[in-house]
Amino acid sequence: MPNLFAHQGYQGYVHTLTEKAEDYLEAILNVVIEKGYARTRDVAHELGVRPPSVVEMFQKLDAIGLVEYRRYEGVVLTPRGRQIAEVIKSRHDTLKQFFTLIQVPEEIAVKDACAMEHELSEESIGQIRYFIDFIDSSPARRELLREFQSFCKTSPGEKL
Ligand code: FE2
């Protein structure tokens, strides 16, 4: 059985997957949401990798019961694979939303969300989620955010 489990981890799972395996599950889910089914070439395109690498990972994920791989066709997520993919996707969406909220340009927000979605603790992600909801929960708080936006534009600041 391929070893795709890297470290102890998130709620409901005894193990967590390697970052690469998580990225694949997330990409498969994105393609499934868009097209209903994940073909090898679509996942390759989504991840910017070559189809043979995708087939290799499909076979590994199949061996641990997270996808069902059908040769020349592609994959479907098993219920457990889908559950993990949804956790990663929701972490990604929360982080992207947070970075966008604090004025990070979209392209960078997406890239950084992808880098952090694997590593942050549930506690930090949970607090970030609360923070987003908090800011969004009243006009006064949204106003504060607008003040922050103009602060970013006007303050010379110091960037590392
Ligand atoms: Fe991501």
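**Reading the labels**

Mentor: Let us start with Thr40, which is found in helix α2. A helix here is a DSSP run of H or I with at least four residues, a strand is an E run of at least two, and both are numbered from the N terminus. Residues count from 1 along each chain as its sequence is written, and side-chain values use heavy atoms, with hydrogens and water left out. This is a predicted model, so local features need pLDDT of at least 70 and side-chain atom pairs count only at pLDDT 80 or more, whereas totals for chains, interfaces and linings use all residues.

Trainee: Why does Thr40 count as buried?

Mentor: Buried means under 20% relative accessible area, exposed means over 50%, and partly exposed lies in between, with a 1.4 Å probe and protein chains only. Thr40 has 13% relative accessibility, which is under 20%, so it counts as buried.

Trainee: What does Thr40 touch, beyond residues up to four places away in sequence?

Mentor: Its partners are Pro51, Val54, Val55, Phe58, Glu73 and Gly74, where contact means heavy atoms within 4.5 Å. In α2, the buried residues are Thr40, Asp42, Val43 and Ala44. Their cover includes α1, β3 (38-39), α3 (51-63) and β5 (74-77). Just after α2, Gly48 takes a positive phi of about 65 degrees.

Trainee: How do you know how α1 and α2 pack?

Mentor: Axes are lines fitted to C-alpha atoms, for helices over the stretch in contact, and the angle between N-to-C directions runs from 0 to 180 degrees. By that rule, α1 and α2 (residues 40-47) pack at about 120 degrees, with their axes 9 Å apart. Their crossing is right-handed; a crossing is called left-handed if the near helix is turned anticlockwise from the far one by less than a right angle, and right-handed if clockwise.

Trainee: Which residues of α1 and α2 make the contact?

Mentor: From α1 come Asp23, Tyr24, Ala27, Ile28, Asn30, Val31 and Lys35, and from α2 Asp42, Val43, Glu46 and Leu47. They divide into six nonpolar, one polar and four charged. In this scheme Ala, Val, Leu, Ile, Met, Phe, Trp, Tyr, Cys and Pro are nonpolar, Asp, Glu, Lys and Arg are charged, and the others, Gly among them, are polar.

Trainee: What makes an atom a donor of the iron ion?

Mentor: Donors are N, O and S atoms within 2.8 Å of the metal (3.2 Å for Na, K and Ca), and water is not among the atoms, so sites may look incomplete. Here Glu26 gives two OE atoms, His92 its ND1, Cys114 its SG and Glu117 two OE atoms, at 2.4 to 2.6 Å from the iron ion. Those distances are within 2.8 Å, so these atoms qualify.

Trainee: Why is the site of the iron ion called irregular?

Mentor: Six donors count as octahedral if opposite donors are over 155 degrees apart and all others are between 65 and 115; four count as square planar by those limits, or as tetrahedral if all angles lie between 85 and 135; anything else is irregular. The six donor atoms here span angles of 51 to 155 degrees.

Trainee: How are the donor residues spaced in sequence?

Mentor: The spacing is E-x65-H-x21-C-x2-E. Glu26 lies in α1 (residues 19-35) and Glu117 in the loop between α5 (106-116) and α6 (122-135), so this pair ties together parts 91 residues apart in sequence. Glu26 is buried at 5% relative accessible area, and Glu117 is buried at 0%.

Trainee: What makes Tyr72 exposed?

Mentor: Its relative accessible area is 73%, which is over 50%, so Tyr72 is exposed. Tyr72 lies in the loop between β4 (67-70) and β5, and has a positive phi near 65 degrees though it is a residue other than glycine.

Trainee: How many helices and strands are there in the protein?

Mentor: Seven helices and five strands, and buried residues make up 34% of the 160 residues.
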